[in-house]
Amino acid sequence: MRSKKRCSKVKSVVAFFVMVWLVSEAVPSQVQAQTFKVLHTFHGPNGNGPAGVLIRDSAGNIYGTTEAGGTGKCGDYGCGTAFKLNMYGKQVWLHSFDISDGEEPSAGLLRDATGNLYGTTDYGGNTTCTSGCGTVFKLDGDGKETVLYKFKAPPDGNTPQSLLARDKLGNVYGITQDGGKDSNGTIFKVNKNGKETVLHNFTGGSDGCLPVAGLIADSAGNLYGVTAQGGLGRCDRGYGVVFKLNTANNLTVLHTFGFSNGAYPASVLLLDQAGNLYGTTEGGGSSACGFDGCGVVFELSPQSNGTWRESVLYEFCSLSDCADGEKPISGPVVRDSAGNIYGTTIDGGTSQDCNGGTCGIVFKLDISGKETVVHSFTGGADGALPTRA
């Protein structure tokens with residue numbers, strides 16, 4: 001399984017691209033012809049390594065995070081940033097992290113109805129961890145930050161590499177990749193006053209370990225997510241799970257991966273109106289691109305008997321030299337009203353100009369399972385190695 005940090009701080013200039021349907025808070029009712037355009041290029045002081053999920057408000061402004069860059073002092077790369085761009089790609093404001101308030105915000109931002117933004121940093125904050133245990137933060141509409149919580153390490157969680165979910169009371173929910181009672185990660189809640197509650201400690205057994213990416217919530221307040229490993233008895237066995245945490249904080253494993261149907265899910269999930277879940281796995285499926293597999297797009301559908309059925313919608317590296325893409329990492333995929341699914345892969349495509357390797361793609365998957373490569377990155381002005389949709 002590829003570590004996300006492998007690509008987080010290797011480029012001093014990263015091109016930021018937008019296809020309209022990839023950054024909207026609401027997916028358009030039907031996606032029209034896609035046009036690729038670079039709106040903003042990062043150069044270091046204004047951010048480096050935009051790896052988080054992007055969101056867009058009704059005025060077309062775009063919000064996101066970069067894992068490195070900014071003016072904070074974290075080695076040679078900066079501590080990361082949160083930013084607002086207008087619809088034309090011009091920077092409106094920038095917040096630079098400085099270790100004390102967090103370092104490496106890799107997941108992206110959640111926006112509430114009043115324009116406040118919420119996110120996590122993988123590191124920084126409390127110094128009981130070597131690089132800091134990570135933080136949960138809030139930004140107001142002008143980019144002014146408030147640190148809501150600093151993680152403390154076991155038995156508390158640490159490394160909250162997580163996109164957040166939020167309820168009507170203002171509580172935010174996320175996951176920590178590490179820490180917790182068994183050091184296999186946690187699901188947590190932070191209320192609007194900054195009080196944290198650990199809702200679930202992953203055991204590394206059937207419930208999985210190494211929870212990543214983040215959580216989504218349904219209308220009833222149930223939370224859904226994935227673990228990148230575990231599911232078969234202990235943390236170093238198994239290819240990951242999809243889980244549900246209900247409002248009574250009881251966790252149910254909805255699906256355990258078995259390699260042929262996907263492995264190492266690191267994707268924020270997508271929930272449709274019928275209750276189906278969509279996501280990607282970084283590995284599994286075809287072994288044409290190596291031992292870990294090439295990755296898949298999957299759907300989980302609830303059944304009348306209370307079980308969930310997985311369908312592999314697409315298996316990557318189905319074309320020669322993986323021209324159709326390889327290793328979709330973090331997602332989430334997006335889906336239009338016609339049922340077409342869109343996302344990115346970090347590898348694959350037709351260009352070989354990214355350190356001797358392929359540069360990644362943007363893909364479309366129709367309801368019949370036919371894939372179309374919408375854009376193949378070149379490693380030039382259009383960027384390379386897209387980690388999220």
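Me: Which residues do ring pairs link into a cluster?
Reply: Rings of Phe, Tyr and Trp (its six-membered ring) pair if their centres lie within 6.5 Å; planes under 30 degrees apart count as stacked, over 60 as edge-to-face and the rest as tilted. Here Tyr149, Phe151 and Phe188 are joined into a cluster by such pairs. The model is predicted: local features need pLDDT of at least 70, side-chain atom pairs count only at pLDDT 80 or more, and totals for chains, interfaces and linings use all residues. Residues are numbered from 1 along each chain as its sequence is written, and side-chain values use heavy atoms, with hydrogens and water left out.

Me: How many aromatic pairs does the structure hold?
Reply: There are 13 aromatic pairs. Among them is the edge-to-face pair of Phe36 and Phe377, at 5.8 Å centre to centre and 75° between the planes.

Me: Where in the chain do Phe36 and Phe377 lie?
Reply: Helices (H or I, at least four residues) and strands (E, at least two) are DSSP runs, numbered from the N terminus. Phe36 is in the loop between helix H1 (20-23) and strand S2 (37-42), whereas Phe377 is in the segment after strand S30 (371-376); the pair links distant parts of the chain, 341 residues apart.

Me: Is Phe377 buried or exposed?
Reply: Buried means under 20% relative accessible area, exposed over 50%, and partly exposed in between (1.4 Å probe, protein chains only). Phe377 counts as buried because its relative accessibility is 1%, while Phe36, at 23%, is partly exposed.

Me: Why is the pair of Tyr239 and Tyr264 edge-to-face?
Reply: The planes of the Tyr239 and Tyr264 rings stand at 65°, with centres 5.8 Å apart, so the pair is edge-to-face.
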